[in-house]
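Colleague: I have not looked at this structure before. Please take me through how to read its features, one at a time.

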Amino acid sequence: MNGPAAHNSPDGQHRVVVGVDGSEGADRALEWGVRQAARTGAALEIHAAYGPGYVFITPSEVTRALTRVTDQAAARASALEPDVPIRCVTHERAPADELLAASDGADLLVVGSRGLGGFKGLLLGSVSRHCILHARCTVVVVPSDGRTAERGAAPEVPGRDPARIAHILVGVDGSASSARAFAWALDEAEAAKAAVRAVIVWSWPYGGAWGPMSPGDFDPAGDAEATLAQVIEPARTVHPSVDVSPAVVEGHPASILVDAAADADLLVVGHRGLGGLGGAVLGSVGDYCATHAPCPVAVVRDGD
């Protein structure tokens, strides 16, 4: 299979795993997932699990309800991409635990930003956050309608097809994690015939009450430009068909990437960048992007 972050399951099949719960957010994740499966030649695996927030009378009702959710999802996916193989799985255990288990050996795990179990005040649901923290493959978080408007972030572009990928934005910071994210973005761009914009962000260091520190021989913008060039130039040889444009921007990485994602179809970030603490599983930039970006966000795991 030619495509991003390809992994074989034990039976040799490439899989895109999607979690569904009957919510609008899950429907959007399903649409993105089945389009991705079609782009990369993978099978779609639809998972629904029983968890807190669902009320049933008997165990048989649990089974019927979960089966109804997956059957409806499978019908929707088949209508969008008839040639994609689809497998439905239901489990009577916490949704986050089930999706983490399903991510083992998968190409990709796709979740909505917030499902039926989410609270209105939370931009990123507990299940989706748990998945980007602990999944065993790259995770794509697909935003729900109106999510970005709740806290004043950039509104979603009207009429945007959430499954369309023509412009990919990727954050680069010189870390090994961001290098893997960039490589994943290039593979994705080649599969989707998309263009890539690689962004590196720089800022002046601050000296507390003394304000910005700027020694005469210190050139953070130039250093950032050189770092980005070192990442991009080899990629032009490996992926000559992919249009890659560099951008060196001053500011804070998280806010710059979210703002720049206003006209992107996919934002790609590493699981942990240079700003991450040794004990942090997900860097603050990746967490902020997955929470606030107006487009789907791929968090590329360190192992991918």
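Modeller: We start with contact, which means heavy atoms within 4.5 Å. Helices (H or I, at least four residues) and strands (E, at least two) are DSSP runs, numbered from the N terminus. Buried means under 20% relative accessible area, exposed means over 50%, and partly exposed is in between, with a 1.4 Å probe and protein chains only. This is a predicted model, in which local features need pLDDT of at least 70 and side-chain atom pairs count only at pLDDT 80 or more, while totals for chains, interfaces and linings use all residues. Residues are numbered from 1 along each chain as its sequence is written, and side-chain values use heavy atoms, with hydrogens and water left out.

Colleague: How many helices and strands does the chain have?

Modeller: There are eight helices and 10 strands. Of the 304 residues in the chain, 47% are buried. Among contacts with a separation of 6 or more, 78% join residues 24 or more positions apart.

Colleague: Where does pLDDT stay under 50?

Modeller: The term pLDDT is the predictor's confidence in each residue, from 0 to 100. Where pLDDT is low, the predicted coordinates should not be read in detail. The chain has a mean pLDDT of 80, and 75% of its residues reach 70 or more. It stays under 50 over residues 1-10, for which the model has 34 contacts beyond four places in sequence. Residues 274-282 also stay under 50, with 13 such contacts beyond four places in sequence.

Colleague: How is a helix read, and which residues of α6 are buried?

Modeller: An α-helix has 3.6 residues a turn, so residues three or four places apart point the same way. In α6, the buried residues are Pro220, Ala224, Leu228, Ile232 and Ala235. Their cover includes α5, β7 (195-202) and β8 (244-250). For length, the expected span of a helix is 1.5 Å times one less than its number of residues. Helix α6 (residues 220-238) has 19 residues and reaches 28 Å from first C-alpha to last, close to the expected 27 Å.

Colleague: What covers the buried residues of α8?

Modeller: In α8 (residues 284-292), the buried residues are Gly286, Cys289, Ala290, Thr291 and His292. Elements that cover them include α4 (126-134), β5 (139-142), α7 (253-260), β9 (266-270) and β10 (297-300). Pro296 lies in the loop between α8 and β10. Pro296 counts as buried because its relative accessibility is 3%.

Colleague: Which residues touch the most other members of the largest nonpolar core?

Modeller: A nonpolar core is a set of buried Ala, Val, Leu, Ile, Met, Phe, Trp, Tyr and Cys residues joined through side-chain atoms within 4.5 Å. The largest one has 49 residues, and Leu44, Val110, Ile168, Phe182, Val196 and Val268 touch the most other members. Helix α5 (residues 176-192) gives the largest share of this core, seven residues. A second, separate core has 31 residues, including Val17, Val199, Ala264 and Cys295. Not counting residues up to four places away in sequence, Ile168 touches several residues, among them Ala185, Ala189, Val196, Leu266 and Val268.

Colleague: Is Gly112 buried or exposed?

Modeller: Gly112 counts as buried because its relative accessibility is 15%. This residue is in strand β4 (residues 108-112). Beyond four places in sequence, Gly112 touches Gly25, Ala29, Ser128, Val141 and Val142.

Colleague: What is the phi of Lys193?

Modeller: Most residues other than glycine have a negative phi, and most peptide bonds are trans. Lys193 is not a glycine, yet has a positive phi of about 55°. Lys193 sits in the loop between α5 and β7. Lys193 counts as exposed because its relative accessibility is 76%.

Colleague: Which charged end sits over the ring of Trp32?

Modeller: A charge sits over a ring if NZ of Lys or CZ of Arg is within 6 Å of the ring centre and within 35 degrees of the ring normal. The charged end of Arg39 sits over the ring of Trp32, 5.5 Å from its centre.
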